[in-house]
Amino acid sequence: MVIYGVALLAFCMLVGTASGKLIGVLIGIDANVGGVGIAMLLLLFLTNIGSERFKLKPISESGIAFWTAMYIPIVVAMAAKQDVYSAINGGMVALVAGLLAVIVSFALIPVLTRMSSRSDD
Amino acid sequence: MISGIIEEVLANNALLTAFAFVGLLSLSTNKLSDVLTKGRVHGSAVAIALGLVLAYVGGALTGGTKGLADIPIFAGVAFMGGAMLRDFAIVSTAFGADLSALKKAGLVGSLSIVIGVVLSFVVGAAVAVAFGYTDPVSVATIGAGAATYIVGPVTGTALGASSEVIALSVAAGLIKSVTVMIGTPFVAKWIGLNNPTSAMIYGGLMGTTSGVAGGLAATDPKLVPYGAMTATFYTGVGCLLAPSILFILVRFILG
């Protein structure tokens, strides 16, 4: 049943969010630390156990696949609800700080990627 | 009378209106990308960019903070694009992700989170100093804002920054997230963003969940789980480091 896939996904996300909040409380900050990552690992784990009893049928998998397919439209909606107006009118300091942070970070990606592939050899 | 009924139906079924609206938007941007760029600029990249433009228009018209969603008939856009459904969709992309690729880049990915937070903070703080800010609290708050628009206000509140500086830090974070969304597809080839390892490093260095989600959607949705895996820890690490070690460092340097 499709709902099995959707329910499994929701279960993983709820456990992940709760764990992320808990980690936040433990290190003393009011933020969800890594909740999405924990949820993804849990989903990967549960769908890769490989035991026959836990195997998702294709129809149940489609309950997860639907949300994967909805990812881009959801991101488009996310873009349309950003506070772009205040971002642009936030002043030069904000504009320059934000832009420079992105440019410098972009530039560092190939450096770190090369470092990691060298350490593999 | 007809327009009154239509408006009422659209507003009362906000989420469905958002689905229909985003569907129409995607249809037109896919056509636009085919006709104008022969498909070279991804339809989703155009859709995200147009979404941001509409968000600007919404903000300019209403003075609210939720972009297009502040216009009553588009209120559902806020729910559809809100954190719950966004994270739900992100988690779903992990289904079928390559666990060994995640493990392989685990170390450099985690390293990139710390490097990313420190780097953005330093850049933001340096810009604040260049613009004439001298008190450590303001400099650290703006630096934190260059990490993400959540780290900024968390740091500012913890350190007791003025509300004007906190607003600046949020704006810096928003600029970062918007720039990442729009810029990623254009620099992807140049920075080698085409495999799980570089996607994890990308997520760790950028850190803004919305920026990374948008940037990867417009570049290659297959990379989403890898980028999201590291980005999800960024704000937490930022909230941990910025008001503590990084602030102490700023205070030390500025005397």
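Let's start in chain B, where B:Leu249 sits in helix H13. Keep in mind that this is a predicted model. Is B:Leu249 buried or exposed, or something in between? B:Leu249 counts as partly exposed, because it has 18 C-beta neighbours inside 10 Å, and a residue needs 20 or more to be called buried.

Now hop along the chain to B:Asp87. B:Leu249 and B:Asp87 are 162 residues apart in chain B, and their C-alpha atoms are separated by 34 Å.

## A helix tucked away

B:Asp87 is one of the buried residues of H5(B), along with B:Arg86, B:Phe88, B:Ala89, B:Ile90, B:Val91 and B:Ser92. Helix H5 of chain B covers residues 83-92, and seven of its ten residues are buried, so the rest of the structure largely encloses it.

## Where the two chains meet

Zooming out, 63 residues of chain A are in contact with 89 residues of chain B. On the chain A side, the elements giving two or more residues are H1, H2, H3, H4, H5 (84-88) and H6 (92-120). H6(A) gives the largest share, with 20 residues. Sorted by class, this side of chain A has 45 nonpolar, 16 polar and two charged residues.

## Chain A in two parts

Chain A is split into domain 1 (1-72) and domain 2 (83-121). The C-alpha centres of these two domains of chain A are 29 Å apart.

Terms used. Residues are numbered from 1 along each chain as its sequence is written. Chains are lettered from A and ligands numbered from 1 in the order in which they are written. This is a predicted model: local features need pLDDT of at least 70, side-chain atom pairs count only at pLDDT 80 or more; totals for chains, interfaces and linings use all residues. A residue is buried if 20 or more other C-beta atoms lie within 10 Å of its own, exposed if 12 or fewer, and partly exposed in between; C-beta atoms are placed from the backbone. Helices (H or I, at least four residues) and strands (E, at least two) are DSSP runs, numbered from the N terminus. Two residues are in contact if their C-beta atoms, placed from the backbone, lie within 7 Å. Ala, Val, Leu, Ile, Met, Phe, Trp, Tyr, Cys and Pro count as nonpolar, Asp, Glu, Lys and Arg as charged, and the others, Gly among them, as polar. Domain bounds come from an automatic or database domain assignment.
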